Amino acid sequence: MDLLSRAVAVAVEKHPRLQDKICTYGTAGFRTKAEDLDHVMYRVGLLAVLAARSRQATIGVMITASHNPEEDNGVKLIDQFGDMMPQAWEVYATQLANTTDKGIPAVLQSIVDVEKIDMSVKAVVFIARDTRPSSVSLSQAVQDGIQALGGDSKDFGLLTTPQLHYIVCCENTKGDYGVPSEEGYYDKMSKAFLSLQNEGANQGNYTPQVYLDAANGVGAPKVTELAGRISKHLQLQIVNDGSQGKLNYRCGADYVKIQQCAPEGLKVEPGMRCASFDGDADRIVYFFLDDQRRFHLMDGDKIATLVAGYLQELVRGSGLSLNLGLVQTAYANGSSTKFITQTMKVPVACVPTGVKHLHHKAQDFEVGVYFEANGHGTVIFSKGAQDKIRQQSKDQSLSPEQKKCAVRLASVMDVINQTVGDAMSDMLLVEVILSHRGWSVADWDAMYTDLPNRQIKIKVQDRTVVQTTDAERKVTSPAGLQEEIDRLVSGFTNGRSFVRPSGTEDVVRVYAEADTQGNADQLAHRVGLAVYEKAGGVGDKPAAP
């Protein structure tokens, strides 16, 4: 039996497509109710083999639904250097997931033909999963798909999403980026962190303790492993560690960001520096209570600003001339963009929502910092920038100050997981910067003041009726909606609002900001009503704040 025939036979026997529900591969891969994913996972295994043969390199498959509820699950492919698959492969994934069982060979053959894939090439796929109960069986479905097309799989079991991205990159760079194992990940991150803290910490107002909400996800056991290696310079108090609570339920980065309050499971007192991971530990946000017990959120914008400012200082201090820029989405707080461009004088680019857009744009800079407001982001150093930094760090002719900055910059590169946003890596980076500056979390927050903002979502009959342009900041259809948004915004001091369709469900997301929280809430509500009326809202109208 040839490979394509075997792919169908295994599908029919073990992983048949039992319903006609359409699944779409988006920025986060496939994501839906776990019970609907068995056949999709099998087909992702098939596709991963083709991708591995196409690249003649190891490909990754991560089984996770990140910040989604526990009953959901999902899967995404990881390209050879730890980045996301190109757009064409998202289309292939969608086609393959939605064809009939008997249609599998034709779709596979068309991919083979278009990509000119040699089916005799060895194919290796690395697999990992999160802690959802459904992840074990879905992982087996992926492995069945890999085996059916004659590929080899290596199952890493439980990993955070960024750890698998890291390991795939290390494998395909022949160890140049690091040792391709979970142990190698901890070693690289912790050694760089300890080196920076040994030589550069300035205690000041900084206290080496973080109260960490691990979202009852896979990040909990993994950050516990890391914590033991860095305890000399950072104490982690971990809550929502999966021993009692439910994954992402009233906890985690997404909950804290959207609800703008502390997670359940963490008793916060004024001055405590707190952080939250999401379910698969690729997002992080910080937060604290001030002396009046008011909640302050340090989201991706605040992290990006902190990181960009620190890197700018190190680049200049080392005597290097590198093109540094920051990439945001329309969700970035207006105050952050103003501070970055006018005070820090760092170029800012705005791209559509979705980390693939930010990652791609960040590659236009020699040092590209990118963060979504939700706390997902990292820093990318071009190959040329990495070579210059490492060379500068070894230059004996530098002044003591230049040498110190160059050495720090080289170590900072090793703390950062450049393949993808990584909550553990980003946490270490933030802690390095705060300690070197001698800042408390309140000092960090005082860099600039966020405009109050609100996010809501409106259920609609068909999200595709809403079309956008200008990096999702303007609506082109339905007719009249953008004009109504402009009219509403004009009635609020420092008002700004935009709407965009969800990539995965029939909802339209509304973002608004204004001079006060009450005004931001009012603006979001009024724009939400406009969306409901002009874009085919369903169910109850949005409730007044």
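Which residues have the most contacts inside the largest nonpolar core? They are L164, F277, L311, V369, M427 and W444, and that core has 79 residues. By nonpolar core I mean a set of buried Ala, Val, Leu, Ile, Met, Phe, Trp, Tyr and Cys residues joined through side-chain atoms within 4.5 Å. Buried is under 20% relative accessible area, exposed is over 50%, and partly exposed is in between, with a 1.4 Å probe and protein chains only.

Before going on, a word on the model. It is predicted: local features need pLDDT of at least 70, side-chain atom pairs count only at pLDDT 80 or more, and totals for chains, interfaces and linings use all residues. Residues are numbered from 1 along each chain as its sequence is written, and side-chain values use heavy atoms, with hydrogens and water left out.

Leaving aside residues up to four places away in sequence, M427 touches L212, V223, L236, F277, I284 and Y286; contact here means heavy atoms within 4.5 Å. Apart from that core lies another, of 47 residues, including A7, F30, V44 and I146. In soluble globular proteins, nonpolar side chains tend to be buried together.

Next, the strands. Helices (H or I, at least four residues) and strands (E, at least two) are DSSP runs, numbered from the N terminus. Two strands pair if DSSP finds at least two bridges between them.

Take β4, residues 124–129, where 5 of the 6 residues are buried. β4 pairs in the parallel sense with β2, residues 59–63, over 5 bridges, and V61 stands opposite I127. β4 also pairs in the parallel sense with β5, residues 152–158, over 5 bridges. There, V124 has D152 as its bridge partner.

Now a separate topic, an open sheet. Its 4 strands run in the order β12-β11-β13-β14, with mixed pairing. β12 (348–350) and β14 (377–381) are at the edges with a single partner strand each, so one side of each has no neighbour in the sheet. From one strand to the next, the twist averages 20°; axes are lines fitted to C-alpha atoms, for helices over the stretch in contact, and angles run from 0 to 180 degrees between N-to-C directions. β13, residues 367–371, pairs with β14 in the antiparallel sense over 5 bridges, and V367 stands opposite F381. Helix α11, residues 334–343, lies across β11 (324–328) and β12, at about 165° to β11.

Last, is H360 buried or exposed? H360, in helix α12 (residues 355–362), is exposed, because its relative accessible area is 57%.
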